[in-house]
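Subject: Structure for you to look at

Hello,

Here is the structure I said I would pass on. My notes follow below it.

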Amino acid sequence: MSSDQELWAKAAEKYHQFVGSPQDKLRMGLLYPTIFEILGNIQGKSLLDIGCGNGLFAFEISKKGAQVSAFDSEAMVNIAQEHFSHPNIEFRTHDATKAFPYHDQKFDVVTANMVLMDMKNIETLLKESHRVLKDHGKAVFSILHPCFTPPVGRFRRGILGRVNKKYAYFHAKNYFSPFESTKDLLGKKTNYYHRTISDYMQNFQKHHFVMTDIFEPKPNEQWIKNNPDLYHADHIALFLLFVLQKTRY
Ligand SMILES: C[S@@+](CC[C@H](N)C(=O)[O-])C[C@H]1O[C@@H](n2cnc3c(N)ncnc32)[C@H](O)[C@@H]1O
């Protein structure tokens, strides 16, 4: 197990309590709907979910008729098996920095949701994703948006913003320097690795993926009205989703 995964394993139970809860509005209202839209009709397709966490995403996808393989640490997989098992899902304990336990060209789609920025080394993940995808298969990688995630900068109300939210702003400090930091996740520490968008693109190209689409989900007006505490999602992109296609090499 990688040291990144070890930290996540310690946070597993708390993370599970949060994921899909009424407080988890950004994932359920913004992130997952965007991924479901990208995936379209997934009935009968085979999908690998890397770093599946508590298994909620794998479960939702399996209900749409996909055959899902999913892996993460033992702590996460135990939770996933207990809460989100489904006849169409096979959960497994595995570390994405090691060769994947699947044969070549097994999957139509590979997903890694909110995983790449939590891993120090994504080389093996990309190489193996390419190997296990069918020709022209699709990879969907979602991350916290690297332009707007601390410690690159912070969203601030400021003096005027306290009077009127429309004057709140994002204060950027340093986008270009690669850095590692720990973030506090529900009282537990996990690692965060900043990469610029071009770092990601170069990595994807190196591993023979072409980008076919990119998404920065923005909530609609009604969603912002219903979730006034998350009004910053209307000002800055919180998530970035890369849609990639495997090319032959
Ligand atoms: C932010 S959580 C996202 C979980 C899930 N994909 C979701 O959407 O809720 C990051 C996940 O990446 C997993 N992870 C981190 N490093 C990993 C690695 N080397 N191999 C597999 N999973 C890893 C963690 O265990 C954690 O479950």
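Buried here means under 20% relative accessible area, exposed over 50%, and partly exposed in between, with a 1.4 Å probe and protein chains only. Helices (H or I, at least four residues) and strands (E, at least two) are DSSP runs, numbered from the N terminus. This is a predicted model, in which local features need pLDDT of at least 70 and side-chain atom pairs count only at pLDDT 80 or more, while totals for chains, interfaces and linings use all residues. Residues are numbered from 1 along each chain as its sequence is written, and side-chain values use heavy atoms, with hydrogens and water left out.

Helix α5 spans residues 123–132, and its buried residues are Leu125, Leu126, Glu128, Ser129, His130 and Val132. They are covered by elements including β1 (46–50), β4 (107–113) and α7 (197–206), where contact means heavy atoms within 4.5 Å.

In α7, the buried residues are Tyr200, Asn203 and Phe204. Seen down the helix axis, these fall within an arc of 100 degrees, so they line one face of α7; the arc is that of the directions from the axis to the C-beta atoms. Exposed Gln202 and Gln205 sit on the face turned away from that buried side. The cover over the buried residues of α7 includes α5, β5 and β9 (188–194). Just after α7, histidine 208 has a positive phi of about 65 degrees.

Threonine 111 lies in strand β4 and counts as buried because its relative accessibility is 0%. Beyond its neighbours within four places in sequence, threonine 111 contacts Leu47, Leu48, Asp49, Ile50, Phe57 and Val140.

Regards
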